[in-house]
Amino acid sequence: MRIAAIAWNTFREAVRDRILYSILAFALLLIGASVILAGLSIGQESRIVKDLGLASTTLFGTFIAIFLGITLVSKEIERRTIYVIIPKPISRPGFLIGKYCGLVLTLMVTVGVMGLMVFLLSGLVDGVLTPTLLIAAGLDFVALMIITAVALLFSTFSTPTLSAILTVAVFVIGRLSGDLTVFAEQFADPILRRLIWVMYLTLPDLGRFQFGSRVVQGLPLVPADIGMAVAYGLAYMSFLLLLAITIFQRRDFK
Amino acid sequence: MGPVIEVSGLCKDFRVGFWRKRVRVLHPLDLTVHGGEIFGYLGPNGAGKTTTLKLLTGLILPTAGSARLLGHDLAEVAAKRQIGFLPENPYFYDYLTGREFLDLCGRLFGVNAPLRRDRIARLLRLTELEAAADQQLRKYSKGMLQRLGLAQALINDPSLVILDEPMSGLDPLGRKAMRDIILQLKTEGRTVFFSSHILPDVEVLCDRVAILAAGRLRDVGRLAEILKTPTEDIELTLQRVPSGLLPALQALAHAPLLHQPDGVLVRLPDETRLDEALRSALAAGARVVSIVPQRQTLEDHFLREVQGAAR
């Protein structure tokens, strides 16, 4: 009940913020505009709607995750609202998990709205619905859960600006993570090669969640790949949350 | 009643500056607060009052020492179930209404929905916030926020209420209302532990006080015990004093005589000298206007302790 109360309050804070609606409106506008762009292409209408739609969902979802995630804890400390919450009978890990769940709920709603719009628009253009689009959007959501956990982790010990820089860096490296292994092979120096491998193993491999291109090309999705991606996502997210809790447990709220 | 707060050797260091130099802001503190009493925790700004309160409420972690609240160790979440806390200059989620905020606090204490509704209605009445209950907190004045802070501190029907500078920023009416509520909490059998530097309020409210200065406990006890010297000074005012008597009066006084419109003011250190001065004055034909014993106030004692700590 206590974690749910914190989560619900975090969700309520996000949905009462006009900025969230502006971002969502802009994203929906861009997804809608994909239909106009599709009209300019010859025989590629469906592909453009799906491609642009999924890319917009990822882009704006990531923006929301980073924008809200980096201030998740620091804002509570800066505005001193945490002084009223910590003295209540909720543990520090409970508070942090509640904040995380609240933001994940916000993302679920926003990604859900965007994903549903892409799904319906592509059905309109195609004349037939593509359920795999929803699976691709769902996996994108798991990747966003990791980004949110990264932002939350940085938020427990650094300023919003530094958190934003670090989270964006992790996001960019994470998206290119799959290429790191190929990149490592290009180096003769074994130390450098090992260093790149360590980076690959430590940083999140967000490429694992990109099923959009397969969906757009009409290729089948392999359930085992989906299962592995979800398991990897949940394990990585749990690791980040544990790290964030460890730091948060030792903090003084002066 | 048994102890509600038991503090033993609790201390706190902060690390400051680029080199993370360790600075002790609270020296080992031993303190016991008994059930049902109003306990005043006094000290000038920077004395370590808020640090102590933050340690007791889990906002900061102790460097050493321990504390038990209502029989529970400080680190246990269970310790917080029966505690209400009002931070200094409270800040709340300004996107919530007063009612929504109290509901959130009730949920965090695990209070069920029907009981929450009843308590919220009662507390909004107690703090005179009924009319503003459905307004967002960003529209509340400072006094209203302070009253809402008190309401949230009472949402769990606590046995122990900890208040950090509850009178700070309130107008005289607000201070009077806060005093009345604190006294009501005592009559309901709750323990109130509050920090303050507004001494007249403390003098009126507290059963016991502790004085903290420069992070060290200087004194603790009942007001009557702390203000041990019942009279510090006796002021005798005389009229029609013959000029020949003035040197004798000056010899008995411990301060220069003051010639005032209503007579001569003689400040005497004790009752023996007062008797002597009275005998001499009456024999010389002077008229006694008044005899006023000057009692030591909490403020006098507080200033002495704090200045002593500064030296």
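Let me begin with confidence: the mean pLDDT of chain B is 89, and 97% of its residues reach 70 or more, and please keep in mind throughout that this is a predicted model. Among the elements of chain B, the lowest mean pLDDT, 74, belongs to helix α10 (residues 298-310) of chain B, while helix α2 (residues 98-108) of chain B has the highest, 96. For the complex, the predictor gives an ipTM of 0.86 together with a pTM of 0.85.

Turning to how the two chains meet, 20 residues of chain A are in contact with 23 residues of chain B. On the side of chain A that touches chain B, the elements giving two or more residues are α1 (2-15) and α5 (82-85) of chain A, and α1(A) gives the most, with 4 residues. Sorted by class, that side of chain A has 9 nonpolar, 3 polar and 8 charged residues.

Now, within chain A, how do helix α2 (residues 18-40) of chain A and helix α6 (residues 92-126) of chain A cross? Their axes come within 10 Å and cross at roughly 15°, and α2(A) and α6(A) are therefore roughly parallel to each other, since an angle under 35 degrees counts as such. The crossing of α2(A) and α6(A) is right-handed. On the α2(A) side, the residues making the contact include A:L24, A:I31 and A:S34, and on the α6(A) side they include A:T110, A:M114 and A:L121. By class, this contact of α2(A) with α6(A) has 12 nonpolar, 2 polar and no charged residues.

Definitions and conventions
Residues numbered from 1 in each chain as written. Chains lettered and ligands numbered in written order. Predicted model: local features only at pLDDT ≥ 70, side-chain atom pairs only at ≥ 80, totals over all residues. Contact = placed C-beta atoms within 7 Å. Nonpolar A, V, L, I, M, F, W, Y, C, P; charged D, E, K, R; others polar. pLDDT = per-residue confidence, 0-100. Axes fitted to C-alpha atoms, helices over the stretch in contact; angles between N-to-C directions. Parallel < 35°, antiparallel > 145°, perpendicular 65-115°, else oblique. Left-handed = near helix turned anticlockwise from the far one by under 90°.
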